[in-house]
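Subject: Structure handover

Hello,

Here is the structure you are taking over. My notes on it follow below the sequence and model.

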Amino acid sequence: MVDLFSLEQLSLPLAIRDEDTFANFLAKGNEMVLSMLNGMWEVDKGDVYFLFGANSSGKTHLLQAACHDASQRGMRAIYFPARELIRLEVEILQGCETLDLVCVDDVEILLGDPEWELGLFTLYNRLKDSGKTLLISSACAVTQLNCQLADLKSRLQHGVGLRLLEPDEHQKAEIFQFRARLRGLEVTEEVMTFIMRRSQRSLGDLLHVLQKLDDVSLSAKRKLTVPFVKQSLGW
C-alpha cells in the first residue's frame, strides 16, 4: 500500500500548487479539454486519459487541478512527476489502485525503460479492475511515444486522448495578467508589453518571472512599473 507518509520518506516532491485549479486555468482554445477533465467523474470509471501538448502548454496545471478536484469531491488522488519517479524503484506504484485518481506527468520520461513500462502497464490494469482513473500527460501523442511494450501502448491508444493547444503570445500575456491578479498584483499593458519584449517567451519562463516579481514587490511594497521591473530583473 502506498500512502503519503511512505512517499514522503522517499523524498518525492508531491506538493500540489494551490493555484493550479480548474477555475484558474484560462482555457481559450482548450475548452473541450477542460470540460472533459471536469467531467471525468460523470462517466464510466476505470478510464485512462492521455493529455498531450507542447511544453508549457498547461499539462502540469491540469493534472494538479484534477487532484484538487478529486480532493474536493472527497476522493483520494496522487500526482507523480515522472522526472522524480525515474530516480526511484518502480515498486512505488504498488497499491496505487486503492486511490481514486493517479496522475503521471511527462510519462515519456519513463518509457524505454522495461521495468517502468511494465510497472505502468500493471498500474493501468489494476486501476481498470478497481474502477479507478489514470490521468497521464506527455509532450507528444501516443503514436509518437517511444514505448517498447506493445500492450501498454495499445492500452494508452484506447484511452481518452486530449490534445492541449499551446497558448499564443496574446494568450500568454492574458494568462500572466490573470495569474498576477490572483496574487494581488496589477500588471498594466505597458508593463506587460515590456515583459513580453524582454523575457523568454515560454509560459513557464513567464510565470517564473511573475514569481520573482511577486517576491520582490511584496518585500519592497512597490507597484509594478517598467523601471521597477527592469531593476528587479536586471534587464
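In this predicted model, helix α8 touches helix α10 through Glu190, Val191, Phe194 and Ile195, which meet Val226, Val229 and Lys230 on the α10 side. Sorted by class, that contact holds five nonpolar and two charged residues, with no polar ones. The two axes come within 9 Å and cross at roughly 30 degrees. The crossing of α8 past α10 is right-handed. Helix α8 covers residues 189-198, and helix α10 covers residues 226-233.

Ser199 sits in the loop that joins α8 to α9. Is Ser199 buried or exposed? Its relative accessibility is 10%, and the cut-off for buried is under 20%, so Ser199 counts as buried. Apart from neighbours within four places in sequence, the contacts of Ser199 are Asp205, Leu206, Val209 and Trp235.

Helix α7 (residues 169-182) and helix α9 (residues 203-220) have axes that come within 10 Å and cross at roughly 30 degrees. Angles under 35 degrees count as roughly parallel, so α7 is roughly parallel to α9. Their crossing is right-handed.

Helix α5 runs over residues 114-130 and helix α6 over residues 150-157. Their axes are 9 Å apart and the helices pack at an angle of about 45 degrees. At that angle they are therefore oblique to each other. Here the crossing is left-handed. On the α5 side, Glu117, Leu120, Phe121, Tyr124 and Asn125 take part, and they meet Asp151, Leu152 and Arg155 in α6. By class, the contact has four nonpolar residues, one polar and three charged.

Which residues of helix α2 (residues 31-38) are buried? They are Val33, Leu34 and Leu37. The arc they cover around the axis is only 95 degrees, so they lie on the same side of α2. What do these buried residues pack against? Their partners are β1 (48-52), α3 (59-72), β4 (133-138) and β5 (160-163).

Glu31 is also in helix α2. With 48% relative accessibility, Glu31 counts as partly exposed. In sequence, Glu31 and Leu164 are 133 residues apart, while in space their C-alpha atoms are 9.6 Å apart.

Thr143 gives another pair of distances. Thr143 and Met75 are 68 residues apart in sequence and 32 Å apart in space, C-alpha to C-alpha. Thr143 lies in the loop between β4 and α6. Its relative accessibility is 58%, over the 50% cut-off, so Thr143 counts as exposed. Leaving out neighbours within four places in sequence, Thr143 is in contact with Lys153 and Gln157.

Last, two backbone angles to look at when you open the model.

Ser56 has phi near 65 degrees, a positive value in a residue that is not glycine. Ser56 belongs to the loop between β1 and α3. At 26% relative accessibility, Ser56 counts as partly exposed.

Asp106 also has a positive phi, of about 60 degrees, although it is not a glycine. Asp106 is in the loop between β3 (101-105) and α5. Where Ser56 is partly exposed, Asp106 is buried, with a relative accessible area of 11%.

Regards

Methods:
Residues numbered from 1 in each chain as written. Predicted model: local features only at pLDDT ≥ 70, side-chain atom pairs only at ≥ 80, totals over all residues. Heavy atoms only, no water. Axes fitted to C-alpha atoms, helices over the stretch in contact; angles between N-to-C directions. Helix = DSSP H or I, 4+ residues; strand = E, 2+ residues; numbered from the N terminus. Parallel < 35°, antiparallel > 145°, perpendicular 65-115°, else oblique. Left-handed = near helix turned anticlockwise from the far one by under 90°. Buried < 20%, exposed > 50% of the residue type's maximum accessible area, 1.4 Å probe, protein only. Arc of directions from axis to C-beta. Contact = heavy atoms within 4.5 Å. Nonpolar A, V, L, I, M, F, W, Y, C, P; charged D, E, K, R; others polar.
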